[in-house]
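Here are a few notes to go with your first look at this one.

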Amino acid sequence: MEPQPPVGRQWTFLTSHARVLVQIARDPGIRVRDIAGRCLLTERAVQRIIVDLEEAGYLAHHRVGRTNRYRVIGGKQLRHPADSGPTLAELLAVLLRQHVRGPG
């Protein structure tokens with residue numbers, strides 16, 4: 001059993017939007033059901049997030065048979081003014097690294 005976070009204000013470093021985008025960047029053919037399972041979200045929440053990302057120009061999709069194939073628009077600037085500078089591709093490059101360096 002995993003330890004539970006302390007009671008009180010809870011927050012995370014990454015938003016649900018970032019988590020969904022990382023899963024799509026890893027596998028552009030991923031199903032909504034699989035994204036939901038990996039991100040611990042409902043399928044409906046994932047669908048809403050995908051719509052948000054598409055409307056903001058960070059993501060596009062096209063149908064391939066009965067499935068969707070997604071395309072991340074990496075050249076887009078990050079949305080929040082405090083994050084201006086890096087592109088979405090630069091952020092994803094950091095988040096998708098396979099090896100995490102320890103302190104030092």
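**Notes on the pockets**

1. The largest pocket holds about 460 Å³ of space. A pocket here is an open set of points on a 1 Å grid over the protein atoms alone, where a 1.4 Å probe fits, with protein on both sides within 12 Å along at least five of seven lines; lining residues have an atom within 4 Å of a point. Volume is the space filled by probe spheres set on the points, which are joined across faces, edges and corners.

2. This is a predicted model, with local features needing pLDDT of at least 70 and side-chain atom pairs counting only at pLDDT 80 or more, while totals for chains, interfaces and linings use all residues. Residues are numbered from 1 along each chain as its sequence is written, and side-chain values use heavy atoms, leaving out hydrogens and water.

3. So who sits around the middle of the largest pocket? Of its 18 lining residues, Thr 15, His 17, Ala 18, Arg 79 and Leu 91 are closest to the centre.

4. Helices H1 (16-26), H3 (43-55) and H4 (88-95) each give at least two residues to that lining, and H4 has the largest share, with four. Helices (H or I, at least four residues) and strands (E, at least two) are DSSP runs, numbered from the N terminus.

5. By class, the lining of the largest pocket has twelve nonpolar, three polar and three charged residues. Nonpolar covers Ala, Val, Leu, Ile, Met, Phe, Trp, Tyr, Cys and Pro; charged covers Asp, Glu, Lys and Arg; the others, Gly among them, are polar.

6. The second largest pocket comes in at about 180 Å³. Its lining includes Arg 31, Arg 33, Arg 63 and Arg 66, and strand E2 (67-72) gives the most, three residues.
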